[in-house]
Amino acid sequence: MTETASPQPPKDVLFYVLNSDTAEAREAFVCKLINTIYKKQRKSVVRFGSTDEVNRFDRQLWAWKPTAFLPHAIEQQYPAPIQLFSEKPNPNKLDKDVLINLHPEFPEFFGEYQRTIEVLDQSAYLLQMGRERWKAYRKSGIEPTIHKIGFD
């Protein structure tokens, strides 16, 4: 009797487009999103465009809700279910579950993750870079799903 490997669940890409144009609103949404992912016992890697953004978001996670501790680390300083990075995460040392890409560039390594999430607001730069990433996902054979948040 030959054993067959169980099929991998399909990888998916989600775009959340917010009806706001502030970094604070975007970061608050990402905190809520990470909390939801954590409650589902999934692990997440959050990729930012700079070290300054990582450090600011680290402070945001600590202050987000006094009753909701979100265990996280920066650049794998210690094991945690939420990892924050400013560049490409080291794929050999991470659970490849959920990638939240807040970096303006396309994550060429997204295929290593079961789910990739992009969060855009209404700022012109983020929308333009998001459109470019959308095209890159489609070119790689993935049809992203879009969720509009705060639109009537």
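Modeller: Accessible areas here come from the Shrake-Rupley method with a 1.4 Å probe. On that basis the accessible surface of the protein is about 9,000 Å², and 51% of that belongs to carbon and sulfur atoms. Keep in mind that this is a predicted model.

Biologist: Why does Arg26 count as buried?

Modeller: Buried means under 20% relative accessible area. Arg26 has 12% relative accessibility, so the label applies. Arg26 sits in helix H1, residues 23-39.

Biologist: Which residues does Arg26 touch, not counting residues up to four places away in sequence?

Modeller: Arg26 touches Leu18, Leu102, Val119, Asp121 and Leu126. As for Val119, its C-alpha atom and that of Arg26 are separated by 7.4 Å, although the two residues are 93 apart along the chain.

Biologist: How do you know that the buried residues of H3 are on the same side of the helix?

Modeller: The buried residues in H3 are Leu126, Leu127, Gly130, Arg133 and Tyr137. They cover an arc of only 125° around the axis, which puts them on the same side of H3. An α-helix has 3.6 residues a turn, so residues three or four places apart point the same way. On the other side of H3, Ala124, Lys135 and Lys139 are exposed. The cover over the buried residues of H3 includes strand E1 (12-18), H1, strand E5 (98-101) and strand E6 (115-120).

Biologist: What span is expected for H3 at 1.5 Å a residue, and what does the helix reach?

Modeller: The expected span is 22 Å, and H3, with 16 residues (124-139), reaches 23 Å from its first C-alpha to its last, which is close. Just after H3, Gly141 takes a positive phi of about 95°.

Biologist: Why is the pair of Tyr16 and Phe29 called tilted?

Modeller: Rings pair if their centres lie within 6.5 Å; planes under 30 degrees apart count as stacked, over 60 as edge-to-face and the rest as tilted. By this rule there are nine aromatic pairs. For Tyr16 and Phe29 the ring centres are 5.3 Å apart and the planes are at 55°, so this pair is tilted. The pair links distant parts of the chain, with Tyr16 in strand E1 and Phe29 in helix H1, 13 residues apart. Both Tyr16 and Phe29 are buried.

Biologist: Are Phe110 and Tyr137 buried or exposed?

Modeller: Phe110 has a relative accessible area of 9%, so it is buried. Tyr137, at 0%, is buried too. Ring pairs also link Phe15, Phe106, Phe110, Trp134 and Tyr137 into a cluster.

How values were computed:
Residues are numbered from 1 along each chain as its sequence is written. This is a predicted model: local features need pLDDT of at least 70, side-chain atom pairs count only at pLDDT 80 or more; totals for chains, interfaces and linings use all residues. Side-chain values use heavy atoms; hydrogens and water are left out. Helices (H or I, at least four residues) and strands (E, at least two) are DSSP runs, numbered from the N terminus. Buried means under 20% relative accessible area, exposed over 50%, partly exposed in between (1.4 Å probe, protein chains only). Contact means heavy atoms within 4.5 Å. The expected span of a helix is 1.5 Å times one less than its number of residues. The arc is that of the directions from the helix axis to the C-beta atoms. Rings of Phe, Tyr and Trp (its six-membered ring) pair if their centres lie within 6.5 Å; planes under 30 degrees apart count as stacked, over 60 as edge-to-face and the rest as tilted.
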